[in-house]
Amino acid sequence: MDLNQTPAERQFRDEFREWLKGNLPAEWIGGGINSEERGAYIDYLRQWQRKLYEGGWAGISWPKEYGGRGASLMEQSIFQEEMARANAPQLVGTIGLSLVGPTIIAMGTEEQKARYLPSILSGDEIWCQGFSEPNAGSDVAALGTKALRDGDDFIVNGQKIWTSFAQMADWCLLLVRTDPSAPKHKGITCLLTDMHSDGVSVRPLRQMSVTPVLTKSFSQTFVSRARKSWVRSIRAGQLR
Ligand SMILES: Cc1cc2nc3c(=O)[nH]c(=O)nc-3n(C[C@H](O)[C@H](O)[C@H](O)COP(=O)(O)OP(=O)(O)OC[C@H]3O[C@@H](n4cnc5c(N)ncnc54)[C@H](O)[C@@H]3O)c2cc1C
């Protein structure tokens with residue numbers, strides 16, 4: 001593989017470096033904001049993502065038709081290099097941008113794409129990933145969280161763990177068991193779950209290694225009833 005930059009890649013780097021110079025929040029340069037208050041910090045990160053979005057720099061790997069930049073792998077790595085070089089704040093919507101958005105683009109309905117993709121790019125809605133459970137880590141097929149159809153809703157019961165960003169998330173890409181009689185690698189459904197539903201509770205796990213203000217912290221997420229959590233369910237077997 002030729003890792004030398006093409007003229008177009010050099011131009012991409014120059015353009016983003018220039019944009020960062022003009023848009024990186026002044027108070028961030030030199031090591032970060034001094035905020036003890038978690039809420040203010042999250043708002044700050046949301047504003048930063050919105051700025052990137054408005055500048056056309058959020059979801060750069062997404063296809064242009066969905067609001068991305070259609071960036072190549074080389075351009076994505078240049079983007080990350082420049083973010084690191086500028087010591088830019090992290091993207092608070094990283095799970096939406098890197099995992100949920102691409103999944104919805106690949107598997108979602110047009111209605112789901114129109115509903116969810118713009119707010120993932122702008123950072124207006126933050127997503128988390130509800131796969132791991134206390135007894136289903138590496139072996140995710142052991143998951144025990146159950147979901148039962150109830151008209152337009154699912155009734156979900158179970159517990160997730162290591163849910164990064166759960167404390168601030170509006171939505172969760174949630175794996176649940178919908179067919180308990182199927183072999184354990186089947187009968188699993190992926191729900192788009194509203195974290196503000198009645199019955200969803202989040203308990204932060206305090207870590208020795210990080211201060212509470214950092215967003216990259218873990219939670220346990222308990223779900224007893226999640227309403228209106230889907231438009232079309234996505235079978236786990238199709239998520240390859
Ligand atoms: C930074 C970070 C962020 C994360 N964020 C999320 C998140 O947002 N959402 C989420 O759902 N999860 C998240 N996780 C969880 C993660 O993706 C894994 O699911 C989880 O860490 C593994 O489960 P466990 O801790 O129960 O370990 P286990 O699955 O119990 O594994 C423990 C050890 O046993 C080994 N092991 C397990 N099974 C076998 C086997 N069959 N054969 C041989 N060795 C085996 C493993 O390699 C490991 O060394 C995160 C983890 C990290 C580190």
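From the N terminus on, in what order do the elements of the chain run?

Guide: The model is predicted, so local features are given only at pLDDT of at least 70 and side-chain atom pairs only at pLDDT 80 or more, while totals for chains, interfaces and linings use all residues. Residues are numbered from 1 along each chain as its sequence is written, and side-chain values use heavy atoms, with hydrogens and water left out.

From the N terminus on, the order is α-α-α-α-α-β-β-β-β-β-β-β-β. That makes 5 helices and 8 strands. Both are DSSP runs numbered from the N terminus: helices are H or I with at least four residues, and strands are E with at least two. The chain has 240 residues, and 46% of them count as buried. Buried stands for under 20% relative accessible area and exposed for over 50%, with partly exposed in between (1.4 Å probe, protein chains only).

Now to the salt bridges. A salt bridge here is a side-chain nitrogen of Lys or Arg within 4 Å of a carboxyl oxygen of Asp or Glu. By this rule there are 13 salt bridges. Three of them can be followed in turn.

Take Glu-81 and Arg-13, whose closest N and O atoms are 2.8 Å apart. Glu-81 is in helix 3 (residues 73-85) and Arg-13 is in helix 1 (residues 7-23), so this pair ties together parts that are 68 residues apart in sequence. Glu-81 is partly exposed, because its relative accessibility is 43%. Arg-13, at 12%, counts as buried.

Helix 1 also supplies a partner to the next pair. Glu-15 and Arg-69 meet through their side chains in a salt bridge, at 3.2 Å from N to O. Glu-15 lies in helix 1 and Arg-69 in the loop between helix 2 (38-54) and helix 3, so parts that are 54 residues apart in sequence are tied together. Here both partners are partly exposed: Glu-15 has a relative accessible area of 40%, and Arg-69 has 22%.

Asp-124 sits in the loop between helix 5 (110-122) and strand 1 (127-130), and Arg-50 sits in helix 2, so the parts tied together are 74 residues apart in sequence. Asp-124 counts as partly exposed at 42% relative accessibility. Arg-50 counts as partly exposed too, at 30%. Some salt bridges share partners, and in this way Arg-13, Arg-17, Glu-81, Glu-82 and Arg-85 are joined into one network.

If neighbours within four places in sequence are left aside, Ser-119 is in contact with Asp-124 and Glu-125. Contact means heavy atoms within 4.5 Å. Ser-119 is found in helix 5, and it is buried, with a relative accessible area of 11%. A polar atom of the side chain of Ser-119 also lies 3.2 Å from the backbone oxygen of Tyr-116.

Contacts can also be counted over the whole chain. Of those with a separation of 6 or more, 69% are between residues 24 or more positions apart.

Most residues other than glycine have a negative phi. Asn-87 is partly exposed, at 43% relative accessible area.

Trp-162 likewise has a positive phi, about 60°, without being a glycine. Its place is in the loop between strand 3 (153-160) and strand 4 (171-177), and Trp-162 counts as partly exposed at 47% relative accessibility.

Terms used
A polar contact is a pair of N or O atoms within 3.5 Å; within protein, one must be able to donate a hydrogen and the other to accept it, and residues adjacent in sequence count only if both atoms are side-chain atoms.
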